[in-house]
Amino acid sequence: MIEKHIPVMVEEVIFYLNCRDSGIYVDATVGDGGHAAAICRTLGPDGFLIGLDWDGAALERAAERLAKFKGKFILRQRSYAGLSEVLEEEGISQVDGILLDLGVSTLQLSDPSRGFSYQQDEPLDMRMDHRLEKSAADLVNGLPQAELSRLIYRYGEERWARRIAAGIVSTRKKSGPIESGAALAEVIKRAIPAAARRKGGHPARRTFQALRIAVNGELDNIEAVLPQAVTTLRPGGRICVIAYHSLEDRIVKRFFRKRSRRCSCPPMVPCTCGGDGELIRITRKAVRPSAEEVRDNFRARSALLRAAERSVLSSEEGA
Ligand code: SAH
């Protein structure tokens with residue numbers, strides 16, 4: 001059975017985005033349209049939403065869910081890494097709010113044909129956008145051992161990365177390519193010590209996370225979109241990001257911190273510290289979902305929400 005995607009921290013998103021009825025908003029990861037529908041509900045006759053997702057199937061579901069808001073939104077099949085370009089194409093120069101709800105949706109995870117799962121006998125794919133060049137199977141069966149180990153360690157924060165990479169390479173040699181999620185999960189299970197298998201969730205979780213991040217270039221995309229988001233926000237506009245693991249959250253946290261620093265150079269000398277106070281952090285610490293929400297929605301358990309506002313001052317100074 002395919003589960004439904006339940007949007008995470010919807011009330012918090014509307015609150016932190018400071019949704020106004022005449023605002024223009026971007027939902028850069030529109031997915032199944034859960035947050036987008038909530039944003040559309042707050043919009044008056046002049047309000048508008050642009051929804052992006054690089055997964056065509058997700059956009060179809062979003063279009064259905066948003067049908068009742070016809071005329072209030074447009075959807076585009078694009079990566080959010082091209083945010084500025086998409087907005088330029090649409091003739092939009094500034095927006096009031098941008099939402100990024102990172103990661104994969106429940107439907108992507110549970111659809112066996114997408115190959116995200118470690119329980120399925122389906123091909124190991126993990127591409128959120130079918131136009132991406134390399135699938136998870138290409139990486140697992142093509143990368144040299146040292147690179148595999150590095151990838152699993154870096155993107156999975158997996159302490160047994162070396163053993164797992166060695167296990168993958170020896171299986172490849174002995175029995176040929178590893179084709180399915182279930183087969184890879186089995187290799188991982190065998191590679192790590194028995195005691196470690198019993199702790200910290202499914203033993204393959206971290207490796208699968210690592211492959212997903214690598215296949216989809218997830219961290220690079222986040223790095224790419226954040227500066228574009230800042231320049232497209234109008235002064236006073238807000239960006240709200242929901243991350244699902246520490247690697248994603250760290251990028252957002254550092255970026256918000258860096259861009260909210262004010263210049264500390266002495267007056268009359270050119271600035272070398274790079275602090276221009278472009279952003280004001282609205283959340284000091286990441287906001288977590290309530291215990292109640294986590295109970296009702298498994299995907300919410302690891303959510304970390306951060307929000308920042310484009311400062312009025314810096315855009316005046318920069319003008
Ligand atoms: N907020 C949505 C769920 C988002 S799930 C809802 O309420 O329904 C995350 C979505 O981000 C997925 O649909 C995934 O395809 C999309 N995504 C991930 N990386 C992306 C990228 N670089 N560009 C565009 N969409 C991306």
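Colleague: Which residue forms a salt bridge with Glu157?
Modeller: This is a predicted model, where local features need pLDDT of at least 70, side-chain atom pairs count only at pLDDT 80 or more, and totals for chains, interfaces and linings use all residues. Residues are numbered from 1 along each chain as its sequence is written, and side-chain values use heavy atoms, leaving out hydrogens and water. A salt bridge puts a side-chain nitrogen of Lys or Arg within 4 Å of a carboxyl oxygen of Asp or Glu. For Glu157, the closest N and O atoms are 3.2 Å apart, and the partner is Arg250.

Colleague: How many residues apart is this pair, Glu157 and Arg250?
Modeller: Look at where each one sits: Glu157 is in the loop between H7 and H8, while Arg250 is in helix H13 (residues 246-260). Helices are DSSP runs of H or I with at least four residues, strands are E runs of at least two, and both are numbered from the N terminus. The pair links distant parts of the chain, with a separation of 93 residues.

Colleague: Is Asp96, which meets Arg20 in a salt bridge, buried or exposed?
Modeller: Buried means under 20% relative accessible area, exposed over 50%, and partly exposed in between (1.4 Å probe, protein chains only). Arg20 has 34% relative accessibility, so Arg20 is partly exposed. Asp96 has a relative accessible area of 9%, so Asp96 is buried.

Colleague: Which residue joins Arg20 and Asp96 in a network of salt bridges?
Modeller: The side chains of Arg20 and Asp96 meet at 2.6 Å, N to O. The network that links these two also includes Arg234.
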